Amino acid sequence: MTDNNANTERGFVEGAHIVLRPVLEKDLEQLAPLMAQNPCERKPTPWTFQRLKKKFEDEKEPGLWGRGEKYYVAVRKSGGVVGFLIQRGQNRVYWITAHVDDNIDDRDAVGVDLLQAYESLMMDWHDPVRIGCEIIAPEEAKAGWLKQLGYDLEVVFERMQMWLGEPVAVHHYGWIAPAYRELAAQQRSNQE
């Protein structure tokens, strides 16, 4: 008798297309090019396998899983890294960077799935009040994923980042926990 689950990825949470989990050493070679592909990073870093491996092996915070910064990978259930999410922050207020491989056919479905899986994980374990995400203006697909999941465009910083040699706007999206949205709506209706 064979075990059909022997080659199935496991993680914190499973979506329709991916499993979301912490980065393992075996992921680094596939993760580095995806991190280099991401056009919107707060501190642009020329990600290479060697640089990522060095960060992974850091003596103070090994494994890309620190107190203030946690790296997640989105892997296909059958294996293979297709995206990542970096979480910064604590105390129920978080900033994320999310990216899905530009070269996969089902990128939009995987992108939405990655964000849904992350939200599910956060709601189950951390009860977040707010999650913020920044993207650059040309990332229309990511804007669609965020909007689909209830993130609102909150502010646009014009000519904030360089992309392909041109200055582009950075769009800041925010997600507010449903309970706090309801509370704000109740307070507005009470004031009317």
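Here we take a few of those words and set each against its definition.

Modeller: Before we start, this is a predicted model, where local features need pLDDT of at least 70, side-chain atom pairs count only at pLDDT 80 or more, and totals for chains, interfaces and linings use all residues. Residues are numbered from 1 along each chain as its sequence is written, and side-chain values use heavy atoms, with hydrogens and water left out.

Biologist: Why are H1 and H2 called roughly perpendicular to each other?

Modeller: Helix H1 (residues 28–37) and helix H2 (residues 49–56) pack at an angle of about 115 degrees, and their axes are 9 Å apart. Angles under 35 degrees count as roughly parallel, over 145 as roughly antiparallel, 65 to 115 as roughly perpendicular and the rest as oblique. H1 and H2 are therefore roughly perpendicular.

Biologist: Which residues make the contact between H1 and H2?

Modeller: Contact means heavy atoms within 4.5 Å. On H1 the residues are Leu-28, Glu-29, Leu-31, Ala-32 and Met-35, and on H2 they are Phe-49, Leu-52, Lys-53 and Phe-56. They divide into seven nonpolar, no polar and two charged; Ala, Val, Leu, Ile, Met, Phe, Trp, Tyr, Cys and Pro count as nonpolar, Asp, Glu, Lys and Arg as charged, and the others, Gly among them, as polar.

Biologist: Which residues of H1 are buried?

Modeller: Buried means under 20% relative accessible area, exposed over 50%, partly exposed in between (1.4 Å probe, protein chains only). In H1, the buried residues are Leu-28, Leu-31, Ala-32, Leu-34 and Met-35. Those residues pack against H2, E3, strand E4 (81–90) and strand E5 (93–100).

Biologist: Why is strand E2 (residues 18–22) described as largely enclosed by the rest of the structure?

Modeller: Four of the five residues of E2 are buried, so the strand is largely enclosed.

Biologist: How do you know that E2 pairs with E1 and with E3?

Modeller: Two strands pair if DSSP finds at least two bridges between them. Strand E1 (residues 13–14) and E2 have two bridges, in the antiparallel sense. E2 and strand E3 (residues 69–76) have five bridges, also antiparallel. So both pairs meet the definition of at least two bridges.

Note on methods: Axes are lines fitted to C-alpha atoms, for helices over the stretch in contact, and angles run from 0 to 180 degrees between N-to-C directions.
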